[in-house]
Amino acid sequence: MARLIRTEKEVEGRYEEVWLVVEEDALEQWPAGAREIVGQPHVRVDGAQRARGEAIYTADLQLNGMLHTAVLRSPHPRAKVTRIDLAPALALPGVHAAIGPNDIPQLTGDCTFQGQAIAAVCADSLAQARAAVRAIDVDFEVLEPLLDPDEAVRRGELVDEEPRVKERGDYERGLAEADVVVEAEFRTQVVLHNSMETHQAVVQWVADGVEVHISTQYIWGIRDGVASGLGLPPDKVRAICHYMGGGFGSKNSPDDYTFIAAELAKRTGRAVKCALTRREENTAAGNRNATIQRLTIGARSDGTLTALGGEFVNAVGWSGWSSGTEGPMQMLYACPNVKTTTYGAKLNLPPMKAFRAPGFVEGTFGLEALLDELASKLDLDPLELRWRNHADTDLADERPYSSKNLIECYRRAEPHWERRHEVRARSTDTVKRGVGMASQIWYGGGGPPSYAWIRVGSDGRATVVTAMQDIGTGTKTAMAQIAAEELGIPFEHVTVTVGDSDRGPFASISAGSSTTPSMGPAVRAAAADAKRQIIEIAAQRHHLEERVLDIRGGQVVSSDGNLSAPVGDLLGLLENAQILGKGARGPNPTGMQVLTFGVQVAEVAVDIETGEVWVDRIAAIHDVGRVINPLGASSQIEGGIIQGIGHTLSEERLVDPKTGRILTTSLDAYKLPTIADVPEIVSELVDEPDAHLTNLGSKGLGEPPIIPTAAAIANAIRDATGADVRSLPISREEMLRALREAEAKERRAAPARV
Amino acid sequence: MINVNGHEYDVHGEVGTTLAEALREELSLTGTKIACGEGHCGACTVLVDGVPTLSCITLVHTVDGAEVTTIEGLREHPMVQSFVRADALQCGFCTPGQIVSAVALVDATPAPSTEEIRHAMAGNLCRCGAYPKIEEAIRTWRD
């Protein structure tokens, strides 16, 4: 029976209260461990299409009569357009239409960050559109930008009205009770998503609605966002994304380019593509915001934490949200006295967007690096220190965990941790080696609503139909495994159809590590519904009781072994009839905190003369409940760690402090990791189903692997050299600064020479 | 006239048309991707007379008379299946360019060392970070 509930929904660590209709999840979880199909490694179902260059991405669409768009964006971080004339652009060959400030809400002459859209032109070719944008006559009054996050906090320029203050226990008393107090300021930089496919959409008006082909992580968010932006009923917007070239959190909503294309399509009566260039992508497509973290840890001499305190400044940019940088400090350890204050500084810089575990990547770097400074001061083993402060319940939220296997992660990390003696021993006079670790905590439970349909044809093959998206995480493959396992048919007999809001029910966003834990249970429920119907038909056909029948390996079988007939033989009787199953995601466990956990151990080498840092090896152990596809899961872990290495060592959006202009707009200037930067990566998953969470017990894995990487590397550097790196990226300058500081500290500590 | 994957085409690009644009827009060979458009990422890699070439910064008139091989011409190459088998792709947008570079490598060096793989593939960026498995796919392409 459908049940109406009021519940909390979590995405990327942000909660909202929502009404939900949930259908009770009647299915028991499968026992722990690999099954015939679920839990086995499978290559991705659409791997060949992608590898062979057959997959059509939004970037590849060529609709009849399609026009191309170029956008005039503000070159200044803060400026007013004093005059603009689109006529010279309209006069150029191939140009069909031009729009400017206030023609749509997404175009403005009041520029508050570099890259803000001012005007746009569409033309027969992209080259013509670009030439036309260059021809637009525009004058700016350039204004002084606000770029310094601390200054913004002083002035009260915040994205939220008030800073976010969270306190439990008595922080001051906790500090007074401490035998040792460590404090430090940490800084993290702006990093850019740089998905290989830039943000883009192709829009065309069809009758009284629009079709939006878009590179997105959230088909339904596009449908709803475009509908509300254009004043259309939601079902007059069809959002389509069959293949997309990466998002990492930056493609959750329709943005200026979508509305620019929609307006130009309306004016021209043509399909219009608006695609960001790589340079626009590096300016105006979102970013992981910079942070400043002023942290304090108090502990007893045995390592028991008595106080954790932090002032966090998220340099959010002009808009966006102030992410949970304080989250790890609030949630990771069993400390009774915690006080955090988080400011979201509003600056004349491009808006942040979610980027793979926003806030927690940054917050884990500060917290876990300072924890190792504490360990060093107390002369305690860092792993032992973490073990001693393990949280058995969530003190921040006062709810029990639905499941937590962090201790098991620590246990499995021990052999990697033990390597530190051997690794350190390989140090030379100039190249120092060491090992560091860091823990991970994050969300990833997913939630309702999410729906799936399954149709089983007369050939006994099944198609999963749901309007979700596969952004490269391998979700289609995982859904095929779940459907095949539940239906009892071979993996190869399942097709998964996604990517179109007109062709399937509502499906989850692919963000917040939520696709598998949201969609998987719905797909399993749909498969179970179809299987029940097939067994009912088989029982009537073979004059047997339903309870003695099952489907295994594509065969309808009876428990006495007398019946074994292909599903296709049974359903073939029905000719073009189809068995239709439907399934809905059940609710999350009431009163429980659903989280993911893990630990990473990094091995590094530091050249103390040049400041160069190499990461040699990272071992990652994560706890995300039941694993559906170990092959795809290992790819996710490797990808997260490699992005984490980029974040730690090489990536940084640079801004000219004088003008506020962005200096790193190309992939030449912005240093992404290459294949030559990749260390040995060893990954392991605890693979223990969360007994309280859905019919699968699976959580998400997209974000957890990037969270502890920076801290583990920083701690390995400290192990190798004694230097405390405090700022990301750990460039050679930062490394040499930390080495000099460590040397000075050592000199001060040494007994005076007589 | 250019020869693409064994077929002769008479391409009429405007002055300034790149090889990538001609392949994608005139010949509808969209397996070749444009991800940066300025020769920094390798997604547009094709073979010109067997040599890996960044088609987004190669003007189409400069390959007049040359033999161009794109991912569409390499679909039956065992490297494609090796990438799929090793799970050497996630979003897949850089993958055709990766495979073209990998094919050029093993054409010259059928059993490349790790160092040779890393050297040859360092110009092909993958933001999803499929690198460990790309390395594995190239190491095991004849299996």
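User: In chain B, what share of the contacts with a separation of 6 or more is between residues 24 or more positions apart?

Analyst: The share is 60%: that part of the chain B contacts with a separation of 6 or more joins residues 24 or more positions apart. Please note that this is a predicted model.

User: Which elements does chain B have, and in what order do they run?

Analyst: Chain B has 5 helices and 5 strands. Starting at the N terminus, their order is β-β-α-β-β-β-α-α-α-α.

User: Why does the radius of gyration of chain B agree with a compact globule?

Analyst: A compact globule of 143 residues would have a radius of gyration near 15 Å, and the value for chain B is 15 Å, so the two agree. Along the principal axes, the C-alpha atoms of chain B occupy a box of roughly 40 × 25 × 20 Å.

User: How much of chain B is buried?

Analyst: Of the 143 residues in chain B, 59% are buried.

User: Into which domains is chain B divided?

Analyst: Domain 1 covers 2–72 and domain 2 covers 74–139. The centres of these two domains of chain B, taken over C-alpha atoms, are separated by 20 Å.

User: And how many residues does each domain give to the contact between them?

Analyst: Domain 1 of chain B gives 16 residues and domain 2 of chain B gives 14 residues. On the domain 1 side, strand 3 (residues 45–48) of chain B supplies the largest share, with 3 residues. By class, that side of domain 1 has 8 nonpolar, 6 polar and 2 charged residues.

User: Now the largest nonpolar core. Which residues touch the most other members?

Analyst: This core has 276 residues, and those touching the most other members are A120(A), V121(A), A261(A), V464(A), A483(A) and I717(A). Helix 15 (residues 515–542) of chain A contributes the most to the core, with 11 residues.

Technical notes:
Residues are numbered from 1 along each chain as its sequence is written. Chains are lettered from A and ligands numbered from 1 in the order in which they are written. This is a predicted model: local features need pLDDT of at least 70, side-chain atom pairs count only at pLDDT 80 or more; totals for chains, interfaces and linings use all residues. A nonpolar core is a set of buried Ala, Val, Leu, Ile, Met, Phe, Trp, Tyr and Cys residues joined through C-beta atoms within 7 Å. A residue is buried if 20 or more other C-beta atoms lie within 10 Å of its own, exposed if 12 or fewer, and partly exposed in between; C-beta atoms are placed from the backbone. Helices (H or I, at least four residues) and strands (E, at least two) are DSSP runs, numbered from the N terminus. Domain bounds come from an automatic or database domain assignment. Two residues are in contact if their C-beta atoms, placed from the backbone, lie within 7 Å. Ala, Val, Leu, Ile, Met, Phe, Trp, Tyr, Cys and Pro count as nonpolar, Asp, Glu, Lys and Arg as charged, and the others, Gly among them, as polar. The radius of gyration is taken over C-alpha atoms; the globule rule is 2.2 Å times the number of residues to the power 0.38.
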